Amino acid sequence: MSSLVVLAFDETDGAEQMRDKLYDFQKRELIRLEDAAVVVRNESGRAKVKQAHSLVGAGALGGAFWGMLVGLLFLAPWLGLVAGAAGGAISGKLGDIGIDDSFIEDVSDAIQPGESALFLLVRDAQLERIASETDEAFEILETNLSPDDETRLRDTFAAEEIAG
């Protein structure tokens with residue numbers, strides 16, 4: 001079973017600093033990453049996504065997944081009714097693959113302008129141990145994906161990547 005994990009930081013460089021430490025955590029088998037992306041939300045609220053290609057191998061979800069998730073979390077509140085409809089469609093799609101509305105809401109609330117987050121799709125992670133071994137302070141948000149949910153997630157966003 002995989003989990004979608006978000007590590008939320010109070011500063012813009014916190015997620016990138018943690019991303020760099022994940023190499024060591026992977027070597028020590030404290031985490032098994034399927035995919036990862038850094039999200040930095042600038043002071044005006046715009047979010048920038050950087051996929052962590054060097055941390056993950058084949059089977060990563062790609063930019064379509066992270067772009068849609070981040071778009072849902074940070075763009076919809078400022079775009080009014082049009083974005084609300086698009087956000088509803090994306091939310092419905094994410095709900096169909098096991099990512100519930102409360103998780104989406106929690107993540108959106110946790111990452112404010114001037115902050116960053118590390119989004120992780122993990123197979124196995126000792127998050128409490130990782131937190132105890134770092135100097136950074138961060139909030140951990142996590143939702144589990146069943147094997148069927150993970151397959152639907154990969155199928156849905158692989159098709160989006162090819163079509164886009």
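Hi everyone, let's start with Glu-29, which counts as exposed because its relative accessibility is 62%. Exposed here means over 50% relative accessible area, buried means under 20%, and partly exposed is in between (1.4 Å probe, protein chains only).

Before going on, a word on where this comes from. We are looking at a predicted model, in which local features need pLDDT of at least 70, side-chain atom pairs count only at pLDDT 80 or more, and totals for chains, interfaces and linings use all residues. Residues are numbered from 1 along each chain as its sequence is written, and side-chain values use heavy atoms, with hydrogens and water left out.

Back to Glu-29, which sits in the loop between H1 and strand E2 (31-41). Its phi is near 60 degrees, a positive value in a residue other than glycine. For background, most residues other than glycine have a negative phi.

Now the overall fold. There are six helices and five strands in the chain, and along the sequence they run β-α-β-β-α-α-α-β-α-β-α. Helices (H or I, at least four residues) and strands (E, at least two) are DSSP runs, numbered from the N terminus. Of the 164 residues in the chain, 47% are buried.

Let's step into helix H1, and look at Gly-14, which has its place there. Is Gly-14 buried or exposed? Gly-14 counts as buried, because its relative accessibility is 0%.

With 17% relative accessibility, Arg-19 is counted as buried. Which side chain does the side chain of Arg-19 contact? That would be Asp-20, through a polar contact at 3.2 Å. A polar contact is a pair of N or O atoms within 3.5 Å; within protein, one must be able to donate a hydrogen and the other to accept it, and residues adjacent in sequence count only if both atoms are side-chain atoms.

Last stop, the surface. A negative patch there includes Asp-10, Glu-11, Asp-100 and Glu-139. Patch residues have over 30% relative accessible area and no salt bridge, with like charges joined within 9 Å; a salt bridge is a side-chain nitrogen of Lys or Arg within 4 Å of a carboxyl oxygen of Asp or Glu. Helix H4 (residues 101-110) gives the largest share of the patch, four residues. Glu-11 lies in the loop between strand E1 (2-9) and H1, and is partly exposed at 31%.

Methods:
Patch = residues over 30% accessible without salt bridge, like charges linked within 9 Å, V, L, I, M, F, W, Y side chains within 5 Å. Areas by Shrake-Rupley, 256 points an atom, 1.4 Å probe, with all protein chains shown as cover. Lys, Arg positive; Asp, Glu negative; His and termini not counted. Charge placed at Lys NZ, Arg CZ, Asp CG, Glu CD.
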